[in-house]
Amino acid sequence: MKKYDKLVTNAAGRIVPEEINGQVAVPYQGIGKYKPDGHKFGQAISSCADYPADGNKLVPTLREALIKSGLKDGMVISTHHHFRDGDLLSNQIFDIARELGVKNLVWAPSASFPCHEYLIKYLEDGTINRIEGSMNGPLGRFTSEGKMAGLAVLRSHGGRYQAIQDGDLKIDITVIGAACCDSFGNANGLNGTSASGGLGFALADSQYASKVIVVTDHLVDFPCIPWQIQGNDVDYTVLVDKVGIPEKIVSGTTQITKSPDRLLLAELTARFCDVTGIIHEGFSFQAGAGGTALAVGDFFYKIMKEKGIKARFARGGSNLYLVKMLEEGYVDYILDGQTFDLFGVKSMAVNPNHVMTTPYTSYNYHGKGNFAGIVDVAILGATEIDVNFNGNVVTHSDGCLLHGIGGWQNCLFAKTVIMPIPLFRDRIPVIVDQVTTLCGPGELIDVIVTERGICINPLRTDLIEKVKDSDLPIVNINDLKQEAERVCGRPEKPKFADEVVAAVKWVDGTIIDSIWKLA
Amino acid sequence: MNFKKSLGVAGNSGGKIRSDCQVTIEPADSGGIVIDLKSKVKSMYGTDIIRQINEMLDFFGIANARVEMIDSGALSWVIAARIEAAIRQLGDTDKSWLPSPNPNGIKPTPIDQRRFSRLYLPGNSPSLMINAFLHKPDGLILDLEDSVAPEKKAEARILVRNALRVLDFGDSERMVRINQLPAGLSDLDFLIPQGVNLVLLPKCESAGQVLGITERIRDISLDKSLRNEVWIMPIIESAKGVVNAYEIASASPKVAALAIGLEDYTADLGVRRTEEATESFYARSVLVNACRAAGIQAIDSVFSDVDDMEGLGNTVKRSRAMGFDGMGCIHPRQIAVIHENFKPDTEEIEKAKKIVIAFMEAQKKGLGVVSLGSKMIDPPVVKRAQKTIAQAIELSLIEKNWYEMLPQ
């Protein structure tokens with residue numbers, strides 16, 4: 001039986017569901033076109049008289065906190081990825097739900113990691129109905145195979161904030177893992193043995209969820225300073241032995257690549273930014289996770305050092321390399337959405353110019369502006385790019401869902417977006433005639449850097465002009481696609497069943513594309 | 001074909017292996033071709049791969065067999081090499097399955113081609129070959145010798161043959177290192193017809209060995225009507241080789257350079273190889289001297305610590321100061337450091353310019369003697385200056401028409 005029959009073609013020409021899990025869905029209409037009316041979502045009014053007068057909200061266990069929060073069938077439970085692959089809470093929450101016999105929950109993580117493969121058994125036994133957020137690796141494959149009961153939803157970091165703010169995603173209970181908090185609920189991720197950095201991804205949840213639980217393994221006397229999460233938003237606090245494994249923040253994508261081919265991509269990208277003047281006094285940049293993006297940052301550093309150029313700010317994902325630039329004075333500020341290694345964690349704790357940001361400040365569609373568009377250049381990855389510069393980050397060319405969107409869609413609003421990507425991975429071409437899943441429209445993707453040539457989006461006549469006398473290997477994207485096929489052969493398109501298994505949201509909450517069940 | 005063995009296995013799979021495949025072929029008496037394909041790109045190329053297996057087995061006259069392939073995204077020329085290698089284990093064949101050649105063709109190289117860097121590529125590891133040209137070494141060496149395990153020599157030979165046909169080489173010289181003689185001679189039969197610019201002859205100790213491969217290359221070239229020159233770079237790796245260096249360097253007009261291999265040389269001496277390299281100073285001096293006497297290039301050994309760029313830089317500087325024209329590399333990251341330190345510096349270029357200008361002036365005036373200020377310039381100095389200028393132009397350090405642009 002098909003989950004959804006009502007489908008419509010959106011403004012990008014993609015077929016998307018008109019209804020998602022019983023809610024009406026708006027098809028993508030174009031960039032900046034969709035502007036909903038009405039008021040932001042508001043939670044029920046609370047009164048401080050209902051909370052302990054001494055401010056002590058400690059309950060003995062996470063289980064008790066969940067019971068007190070009224071955990072029941074069909075609720076939306078949210079968690080966050082500040083510990084990345086070292087998250088210990090999400091799996092526990094659903095263990096408890098299973099023990100209590102609660103069914104049909106919605107899990108709304110800010111991102112999922114390989115450690116969450118554990119939850120497949122709860123998706124299978126009906127404890128979890130669906131995931132709204134991100135589905136990584138095995139969870140993605142599970143979704144692609146059509147095994148999830150509900151329809152999965154993929155949102156960007158900014159899109160998650162937007163959905164929480166406009167009520168598209170109503171969170172019943174959020175569980176925030178914090179390295180440090182007081183019994184009142186003031187919390188940060190900076191102090192204690194499990195320090196993981198900023199808690200920015202939990203901000204929306206703390207303000208909009210019905211019930212807010214903060215779990216820590218390092219309880220301090222009031223006040224916990226700084227309070228990245230405010231105790232005034234928190235219902236219960238829980239002390240556990242171990243809240244997360246911060247060493248696992250450094251998962252595969254947060255180390256500089258050693259591959260000579262990837263280093264070549266990074267070097268070409270940095271040279272492009274040098275030649276076009278993107279690297280100039282007072283500029284700003286964002287390099288995402290991923291070995292190549294990190295290497296780009298390091299090449300930026302070398303160029304800046306050589307020319308004596310300083311950046312005004314860098315957007316993190318902070319890591320050793322960015323912290324080095326901050327400490328040596330090559331950037332004035334790190335505006336950090338997420339710490340990628342323990343050097344970043346430490347720097348945020350001690351350096352006032354290393355500032356935590358949240359998806360609200362940097363990406364949110366319902367703010368009165370956000371600063372994604374102020375950034376001069378964003379360096380991002382992709383699983384596929386097509387000849388019209390459309391990008392895919394969630395599925396692979398075999399059609400299987402394997403990654404979340406992260407902040408990728410939001411970063412596309414930078415003044416220049418550059419994607420250093422290999423032309424092919426093993427035998428799989430990365431530049432294709434049409435992306436398997438549309439995650440980012442081509443209008444927003446400016447430059448593709450491959451090891452066999454650089455393509456500039458024809459819309460960016462200014463960049464084309466700037467490189468015309470350089471020795472950079474500028475090529476046409478169609479020629480590059482043909483080169484990939486010359487080397488690899490022409491792949492067959494993935495075969496899909498006639499069934500949508502996940503909806504991909506655009507930054508404004510509209511549906512930009514669907515993920516189809518693998519045949 | 002007549003089967004001598006009941007099982008043929010070629011290629012690599014498992015662990016960190018990428019862009020390769022392992023093929024097992026087991027001939028049967030009946031039942032046609034039964035294929036078990038495990039591939040990470042099955043949904044994209046499964047049909048292609050199965051078609052390729054069937055076509056190749058038919059080509060080699062195998063009608064009944066069980067074929068198992070474990071594929072980690074091998075390109076079709078790699079798959080072809082693995083299937084052919086497995087089939088050759090089963091019995092003798094005079095057939096070869098040659099993949100379609102690279103459209104960019106084969107560029108000939110002059111004897112004094114710039115050879116600052118030459119990158120070794122293990123001859124049985126396709127993943128390292130595919131993008132190697134992007135790192136722009138002066139030469140790319142497909143290596144059949146030390147980087148290939150003895151039991152993999154036969155399949156590597158087929159893989160390298162296919163690589164020579166299909167790979168992109170960019171502007172890099174197409175080099176192969178064959179096995180030690182006599183096995184290396186039959187390597188040539190496979191490789192020379194596919195377009196080789198230069199053959200590295202390992203552990204060379206005598207002029208006779210050079211003549212042996214010169215003749216074999218000539219015979220193959222005549223047989224296949226090949227026109228491009230194939231240069232020879234003997235590698236001196238023993239005390240005896242050092243003693244015979246000049247004889248080897250001048251053995252054949254096809255010898256373009258001598259290289260020295262210090263790992264084996266120091267082992268032969270019974271000493272430890274050090275970064276200062278005083279233990280091999282004599283050997284390297286002899287080699288440079290022999291090469292200059294024979295009018296060919298001298299090429300230094302590889303630097304084996306791929307993480308130590310500073311050590312590499314220092315070694316290159318010393319190497320150049322001794323008179324070497326280039327050195328080997330084992331990692332693409334070493335290439336830029338080698339080029340940076342082998343290229344002529346500004347001071348050298350300026351001096352060379354002055355000499356070349358003086359030479360041109362003397363020619364214009366019909367003078368037989370070139371002089372700069374009060375100094376007379378000898379012809380070899382002029383020649384060296386001209387070489388420096390040519391290199392500087394090639395490396396875009398000066399304009400091609402720098403002379404015409406001079407104020408009159």
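**Sheet, helix packing and chain contact in a predicted model**

In chain A, three strands form an open sheet of mixed pairing, in which the order is β21-β20-β25. The edges of this sheet are taken by β21 (391–392) and β25 (431–432) of chain A, and because each of these strands has a single partner strand, one side of each is left without a neighbour in the sheet. Strand β20 (residues 384–386) of chain A runs parallel to β25(A), to which it is joined by 2 bridges. Within this pairing, A:Asp386 has A:Val432 of β25(A) as its bridge partner. These features, like those that follow, are computed from a predicted model.

Chain B contains 14 helices and 14 strands, and its C-alpha atoms occupy a box of roughly 90 × 50 × 45 Å when taken along the principal axes. The domain assignment of chain B gives domain 1 as residues 8–90, domain 2 as 117–342 and domain 3 as 346–394. Between domain 2 of chain B and domain 3 of chain B, the C-alpha centres are separated by 32 Å. Of the 408 residues in chain B, 44% are buried. When the contacts in chain B between residues at least 6 apart in sequence are considered, 72% of them join residues at least 24 apart.

Two helices of chain B were examined as a packed pair. Helix α2 (residues 76–90) of chain B packs with α1(B) at an angle of about 35°, the axes of the two helices lying 11 Å apart, and the crossing of α1(B) past α2(B) is right-handed. On the side of α1(B), the residues that take part are B:Ile49, B:Gln52, B:Ile53 and B:Met56, which meet B:Ser76, B:Ile79, B:Ala80 and B:Ile83 in α2(B). By residue class, this contact of α1(B) with α2(B) comprises 6 nonpolar and 2 polar residues, with no charged residue.

The contact between the two chains draws 18 residues from chain B and 15 residues from chain A. On the side of chain B that touches chain A, helix α1 (residues 42–59) of chain B gives the most, with 5 residues. The residues on this side of chain B divide into 7 nonpolar, 8 polar and 3 charged.

Note on methods: Residues are numbered from 1 along each chain as its sequence is written. Chains are lettered from A and ligands numbered from 1 in the order in which they are written. This is a predicted model: local features need pLDDT of at least 70, side-chain atom pairs count only at pLDDT 80 or more; totals for chains, interfaces and linings use all residues. Two residues are in contact if their C-beta atoms, placed from the backbone, lie within 7 Å. Helices (H or I, at least four residues) and strands (E, at least two) are DSSP runs, numbered from the N terminus. Ala, Val, Leu, Ile, Met, Phe, Trp, Tyr, Cys and Pro count as nonpolar, Asp, Glu, Lys and Arg as charged, and the others, Gly among them, as polar. Domain bounds come from an automatic or database domain assignment. A residue is buried if 20 or more other C-beta atoms lie within 10 Å of its own, exposed if 12 or fewer, and partly exposed in between; C-beta atoms are placed from the backbone. Two strands pair if DSSP finds at least two bridges between them. Axes are lines fitted to C-alpha atoms, for helices over the stretch in contact, and angles run from 0 to 180 degrees between N-to-C directions. A crossing is left-handed if the near helix is turned anticlockwise from the far one by less than a right angle, and right-handed if clockwise.
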